[in-house]
Amino acid sequence: MEITLAFVDGTPSSLIAFVAICVGIMIAFLSAVGLTARSRSESRRLILYWTVGLACYITSIACLVYSGLLERAFIPFGPLFLVIAVALAIAVGFTQIGTQIAHGVPIAWLVLFQGFRLPLELVLHEWVTMRLVTVNIAQDE
């Protein structure tokens, strides 16, 4: 079985929406980091630390996609990327700041944060209907 992916640019409006969603998620996370800090100076320090960390994370993902590695060899790099991304998310959740956010931010805010999923699904739906997101699976005979 061979899996091939094709990464194709979307419409300008859908790309702007996608980037806006990503930026919104980052701002929400950084706001939660700042709100749960013990002091104003700690808040600034943590926000700077996590901003640099998120910028490195996003840059590494962009470089991976831009390199074409996922298109050329989805197996094993696609699942490996997903495992690493989930492991990083779990690791952040169990750090001190993850625990502070979980205990310090009202549950309504955490539920509201999940609202990013609706606009993201709308963008992804547009990309699928425009056939910008495709996955081809060829069966070996």
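**Helix packing and local features of the predicted model**

Of the 141 residues of the protein, 21% count as buried, where buried means under 20% relative accessible area, exposed over 50% and partly exposed in between, for a 1.4 Å probe and protein chains only. The model is predicted, so that local features need pLDDT of at least 70 and side-chain atom pairs count only at pLDDT 80 or more, while totals for chains, interfaces and linings use all residues. Residues are numbered from 1 along each chain as its sequence is written, and side-chain values use heavy atoms, with hydrogens and water left out.

The protein has 7 helices and 2 strands, taken as DSSP runs (helices H or I, at least four residues; strands E, at least two) and numbered from the N terminus. Along the sequence, these elements follow the pattern β-α-α-α-α-α-α-α-β. The C-alpha trace spans about 60 × 30 × 25 Å along its principal axes. Among contacts (heavy atoms within 4.5 Å) between residues at least 6 apart in sequence, 76% join residues at least 24 apart.

Helix H1 (12–36) packs on helix H2 (40–67) at an angle of about 150°, with the two axes 9 Å apart. Axes here are lines fitted to C-alpha atoms, for helices over the stretch in contact, and angles run from 0 to 180 degrees between N-to-C directions. H1 and H2 are therefore roughly antiparallel to each other; under the convention used, angles under 35 degrees count as roughly parallel, over 145 as roughly antiparallel, 65 to 115 as roughly perpendicular and the rest as oblique. The crossing of H1 and H2 is right-handed. A crossing is called left-handed if the near helix is turned anticlockwise from the far one by less than a right angle, and right-handed if clockwise. On the H1 side, the contact between H1 and H2 is made by Met26, Phe29, Leu30, Val33 and Gly34. H2 contributes Ser43, Leu46, Ile47, Trp50, Thr51, Leu54 and Ile58. Not counting residues up to four places away in sequence, Ser43 touches Gly34 and Ala37.

The axes of H1 and H7 come within 10 Å and cross at roughly 150°, which makes H1 roughly antiparallel to H7. H1 passes H7 in a left-handed crossing. The contact involves Ser14, Leu15, Ala17, Phe18 and Ile21 of H1, together with Pro119, Leu120, Val123, Glu126 and Trp127 of H7. Ser14, found in H1, counts as buried at 2% relative accessibility. Leaving aside neighbours within four places in sequence, Ser14 is in contact with Val123, Glu126 and Trp127. Ser14 and Val123 are 109 residues apart in sequence, yet 6.0 Å apart in space, C-alpha to C-alpha.

In helix H5 (residues 96–104), the residues Ile97, Gly98, Gln100 and Ile101 are buried. They cover an arc of only 160° around the axis, and so lie on the same side of H5; the arc is that of the directions from the helix axis to the C-beta atoms. An α-helix has 3.6 residues a turn, so residues three or four places apart point the same way. The face of H5 turned away from the buried side carries the exposed residues Gln96, Ala102 and His103. The buried residues of H5 pack against H1, H2, helix H4 (74–93) and helix H6 (107–113).

Although Arg131 is not a glycine, it has a positive phi of about 60°. At 68% relative accessibility, Arg131 counts as exposed.

The structure holds 0 disulfides, a disulfide being a pair of cysteine sulfur atoms within 2.5 Å. Cys22 is in no disulfide, and the nearest cysteine sulfur, that of Cys63, is 15 Å away. Cys22 is partly exposed, with a relative accessible area of 31%. For Cys56, the closest cysteine sulfur is likewise in Cys63, at 10 Å, which is too far for a bond. Cys56 counts as exposed, at 51% relative accessibility.
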